[in-house]
Amino acid sequence: MLKGHDGAQVDIIDRLPTPFGLVRSGVAPDHPETKIVVNQFSRVATNGRCSFFGNVTLGRDISLSELRKTYHAVVLAYGAESDRSLGIPGEDLKGIHSAREFVWWYNGHPDMCDFCPDLKNTESAVVLGQGNVALDVSRILLRCKAELATTDITDYALDALRGSTIRKVYLVGRRGPVQAACTAKELREILGLKNVRICIKAADLVTTPADEEEMRNSRIQRRVYELLSKTAHGGNNYNGQKELHFVFFRKPIRFIPAENGSTVGAVQLEKTVLKGDEVTGKQVAAGTGEFEDLKCGLVLKSIGYKSLPVQGLPFDKNRGVVPNLRGRVLSSESEIATVERGLYVVGWLKRGPTGIVATNLHCAEETVASILEDDKKGVLRPPSDSTKHGRAGLLEILERKNVRFVPFSG
């Protein structure tokens with residue numbers, strides 16, 4: 001925005017007192033190279049035309065309608081701070097958490113500082129999902145603690161992991177190795193962990209013509225399959241006591257309590273087969289009616305994030321996104337939807353919780369192009385009888401409500 005418009009003043013409002021969102025609370029502590037982007041963000045934040053207001057919550061400290069009255073343009077970029085649920089029996093048992101909660105815990109997110117996963121009473125953990133976040137949490141559970149100690153993981157998480165009795169992690173996916181949702185870089189890293197035996201069943205690696213077609217159309221899927229295949233057939237150096245099991249073609253049906261009745265003791269899985277979806281043409285998992293139980297004392301669900309609505313914001317509950325046209329917020333999902341003047345959306349709230357840091361860059365460029373286009377057309381000019389006070393207006397509202405904000409220098 002600052003690049004695209006010489007006169008633009010940008011105020012960043014964040015509910016946390018610290019900036020950088022997911023780079024700070026979502027990127028794994030053993031991935032410092034991914035966090036380097038904060039240097040770029042810091043340069044933006046110290047630009048004279050940019051200000052940061054941390055510790056200000058939208059919907060509590062300031063409303064969306066107040067922001068729209070104060071600014072020419074409001075861009076919602078608050079992402080997906082909740083989790084999709086499986087909606088199966090036993091999901092509320094102790095020992096079952098979302099991967100997001102676990103990630104926020106080891107990354108020091110203030111919402112999760114009192115979160116205490118029990119890592120001492122079981123030797124098996126089940127991770128539901130096979131995307132990059134699932135790989136992250138599995139890697140943190142299995143990685144050598146001396147290596148983790150050199151990262152910026154929180155001290156309390158490192159202490160808990162040092163006392164962990166978990167020796168086996170099961171990564172469970174509904175579909176097969178060709179459809180695993182991770183990237184080759186992340187997969188290569190976990191397959192190369194020291195003193196961890198990788199277990200993949202040869203039968204799971206048998207491909208169908210539909211699988212072959214998918215791999216022809218996606219380089220990432222082909223690379224992921226090749227890495228899994230090579231590991232399964234090559235065996236790996238194993239002189240430790242930890243194991244990582246890739247469990248394909250299984251979907252969770254219910255969680256079974258342990259003897260105490262309140263903690264998870266196993267996950268019941270249904271075997272699946274792949275069938276072509278008539279609408280999308282994609283291969284989807286269908287249950288076979290064959291079941292098996294997988295014993296565990298910890299479950300981390302990595303099945304996707306979910307965005308939450310705020311008052312006064314059009315929201316598509318089914319897709320968990322704000323209806324929009326190239327970043328311009330629409331009044332609804334219907335055919336006759338109108339554009340909400342001066343209101344924009346970007347990132348996961350705009351397109352759903354997929355993609356990496358770079359994906360959001362392209363997404364931001366598209367939304368900014370829409371803002372600049374609307375500005376040129378005069379759409380953002382307020383009626384002659386009203387003024388947009390911008391930063392001064394925001395400061396006045398925060399002062400009136402006695403909200404203590406944290407500037408970037410703080």
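**Figure 1. Surroundings of D11 in the predicted model.** Not counting residues up to four places away in sequence, D11 touches S51, F53, Y71, G390, R391 and L394, where contact means heavy atoms within 4.5 Å. The model is predicted, so local features need pLDDT of at least 70 and side-chain atom pairs count only at pLDDT 80 or more, whereas totals for chains, interfaces and linings use all residues. Residues are numbered from 1 along each chain as its sequence is written, and side-chain values use heavy atoms, with hydrogens and water left out. D11 is part of strand β1, residues 10-13; helices (H or I, at least four residues) and strands (E, at least two) are DSSP runs numbered from the N terminus. D11 counts as buried because its relative accessibility is 17% (buried is under 20% relative accessible area, exposed over 50%, partly exposed in between; 1.4 Å probe, protein chains only). The side chain of D11 makes a polar contact of 2.6 Å with the side chain of Y71 and another, of 2.6 Å, with the side chain of R391. A polar contact is a pair of N or O atoms within 3.5 Å; within protein, one must be able to donate a hydrogen and the other to accept it, and residues adjacent in sequence count only if both atoms are side-chain atoms.

**Figure 2. Nonpolar cores and the residues around F102.** The largest nonpolar core has 48 residues, and those with the most contacts inside it are F102, Y106, L141, L187, L244 and F246. Such a core is a set of buried Ala, Val, Leu, Ile, Met, Phe, Trp, Tyr and Cys residues joined through side-chain atoms within 4.5 Å. With neighbours within four places in sequence left aside, F102 is in contact with F115, P117, L119, V137, L141 and L300.

**Figure 3. I200 in strand β8.** I200 belongs to strand β8, residues 196-200, and is buried, because its relative accessible area is 13%. Leaving aside neighbours within four places in sequence, the contacts of I200 are L205, L228, T231, A232, F246 and F248. I200 and F248 are 48 residues apart along the chain, and their C-alpha atoms are separated by 8.8 Å.

**Figure 4. The second largest pocket.** This pocket has a volume of about 370 Å³. On a 1 Å grid over the protein atoms alone, a cavity is a set of points where a 1.4 Å probe fits but cannot get out, and a pocket is an open set with protein on both sides within 12 Å along at least five of seven lines; lining residues have an atom within 4 Å of a point. Its lining comprises 19 residues, of which A258, T263, V264, C296 and G297 lie nearest the centre of the pocket. The elements giving two or more residues to this lining are β10 (250-257) and β11 (264-276); the largest share, three residues, comes from β11.

Figure 5. N55, a residue other than glycine, has a positive phi near 70°. N55 is found in the loop between β2 (50-53) and α4 (64-70) and counts as partly exposed because its relative accessibility is 30%. N402 is not a glycine either, yet has a positive phi of about 60°. N402 lies in the segment after α14 (390-400) and counts as exposed, at 66% relative accessibility.

Definitions and conventions:
Points joined across faces, edges and corners; volume = space filled by probe spheres on them.
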